[in-house]
Amino acid sequence: MEEGKERLDCREELLAITKRLVGIRSEVNTDGERVVAASIHGMLASHPYFEANPAQLVMEPTVNDERKRYNVMAHVRGTKGNSRRTVVLMGHMDTVGVEDFGAQQELAFRPDEWMAHLKGEGLPETVQAQLESDDWLFGRGVLDMKSGVASNLYLLTHYASNPEQLDGNIVFIAECDEEDGSHGILSALKTLKRWQSEEGFEYVAAINSDFVAPAHEGDENRYIYKGTVGKLLPSFFITGEETHVGSAFDGLDPNFIAAELTRQISYNPDLCDVAFGEATLPPVSLKQTDLKPSYTVQTALASYVYYNLFVHSWSPDKVLELLKAQAETAFRNALETFRVRYRRYGEVSGRPGREVTWEPRVYTYDEMDTLLKGAHGEDYVQHMKDFKGALEEDESLDSRMLAARVVEEAWKSMPDKRPAIIVFYSSLYSPRVALTGERENERRLLDALDDAIEAVQPEYGHPIVAKNFFPHISDMSFVAMSDDMSEIDDMVANTPSWGKKLYVDYQDVADLNIPVVNIGPYGEDGHKRLERMEMTYSLEVVPNLTNRVLRGVLESE
């Protein structure tokens, strides 16, 4: 084998670290996030390398965060040469909750006891076989993603003990809050930029260690991902024309339009973004409601819906363009159905009808805002600033409902209040990352990944397959970005809740723009009661793949 790329024999050590980390209850948005950070910091602080170089290990608070929590970050300088090239190893410390464990919540953090308990349950045959094998570990966080953090910890301390093997540098990040608002990685960017300036690091690659799983039933592949899917939350404020229910056809119910909009958008394959031969899942509705504060016999004034939407190649402004067209189609279909049913009602009731004169009207929020600034000038601008500022002080409103209230208030100033749909964004944009190989660092990373898979595959019985997009939301979205800042500016202009409750410094992401791949533990049922990982792949293959990619990137000419 090549010097420095010998096989790492680390299974038992990694298993011990994984169990230690799993044993620390660190559900997102709980005090456990601070506890696990302190524990990881303590593990590293006792290593001779960091005892001798304490400034290279930090536990730093998150920024712009309502909670008190921390990231753990460290770096090791290789002494084999004088290279400034630096690889970032990253993974999150927090987990989802354990409400699904019921009365056995405490066992969720004690894998051996939890597995003993499960042996008394009637599990599906495949799961039972995994449980009885010596190669699967069950428990909250074993898969997502403390075994991945353990792998990164192992590699960091391996090179801390052997810096002479390393021509370049390693930065380690154990970040908090991946499962909710990504405050951890967004705060870590500030430290990465500071180290870039103070230490002279040249960030050439990042390796995330989030979990991977079968893509479908019977799938035997273990996936490596080059880049990641992006996620948007396109939202729609829908106004109708109110009426008493006793005169239903005298008005237009916005819930009727909303229902047609959901029929048009949810599960629609035309809204799958296909790039490099890989397709995103189609959008699906995450909320659909009217905005009536209480029961009345008047139809609603407005409705509000939003959808999850994944992207591989589409920019936020492209998505708005596509969804504006979808909204126009849905609006037109709803009006046509209304006309048909109104005529039919006239036939069965014997009552004459009136002409239906509504036409589809769809605006983006930015289009409406621009129209209103032109119509009302500074008075409108100041009113909306004051209104939004008051809303931001309301702790009961999340960014999504805050956005709806801002659009609702702006709509009150519209000179023409005929029924309309306003399209906007109401939550955090997780940028897509596509590794095209156009940049030199991307080419080196992709080549190192191919070489690593080729070298490790003969030692492992299942296919190791590289795909282009990690299919879930992860912190990979905040170390690299395929959008340019003008596209981000367009997104911000169409995000009414942008500000105190919803803010991301995307310029930090653009400034660093580190090519990123995901090499993580393999298992099943992440975020579920039977969360489990395969130990051979997770504790043996993953660290060896990661090590080979790391060395390949640092040592490539």
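User: What is the area buried between domain 1 and domain 2, and what share of it do carbon and sulfur atoms give?

Analyst: The model is a predicted one. The size of an interface is often given as the accessible area lost when the parts come together. Between domain 1 and domain 2 that area is about 850 Å², and the share given by carbon and sulfur atoms is 63%.

User: Which residues in domain 1 lose the most area to domain 2?

Analyst: Three residues of domain 1 together account for 62% of what that side buries. They are Val 229, Arg 432 and Phe 469.

User: How do the residues of the side of domain 1 that touches domain 2 divide into nonpolar, polar and charged?

Analyst: Domain 1 brings nine residues to the contact, and domain 2 brings ten residues. On the side of domain 1, the division is five nonpolar, two polar and two charged.

User: How many salt bridges and how many residue pairs in polar contact are found between domain 1 and domain 2?

Analyst: A salt bridge requires a side-chain nitrogen of Lys or Arg within 4 Å of a carboxyl oxygen of Asp or Glu. Between the two domains the count of these is zero. For residue pairs in polar contact, with both residues at pLDDT 80 or more, the number across the interface is four.

User: Why does the radius of gyration of the protein chain agree with that of a compact globule?

Analyst: The C-alpha trace spans about 85 × 60 × 40 Å along its principal axes. Because the chain has 557 residues, a compact globule would have a radius of gyration near 24 Å; this agrees with the value for the protein chain, 26 Å.

Terms used:
Residues numbered from 1 in each chain as written. Predicted model: local features only at pLDDT ≥ 70, side-chain atom pairs only at ≥ 80, totals over all residues. Heavy atoms only, no water. Contact = heavy atoms within 4.5 Å. Buried area = accessible area lost by both parts, 1.4 Å probe. Polar contact = N/O pair within 3.5 Å; in protein donor to acceptor, adjacent residues only side chain to side chain. Nonpolar A, V, L, I, M, F, W, Y, C, P; charged D, E, K, R; others polar. Rg over C-alpha atoms; globule rule 2.2 N^0.38 Å.
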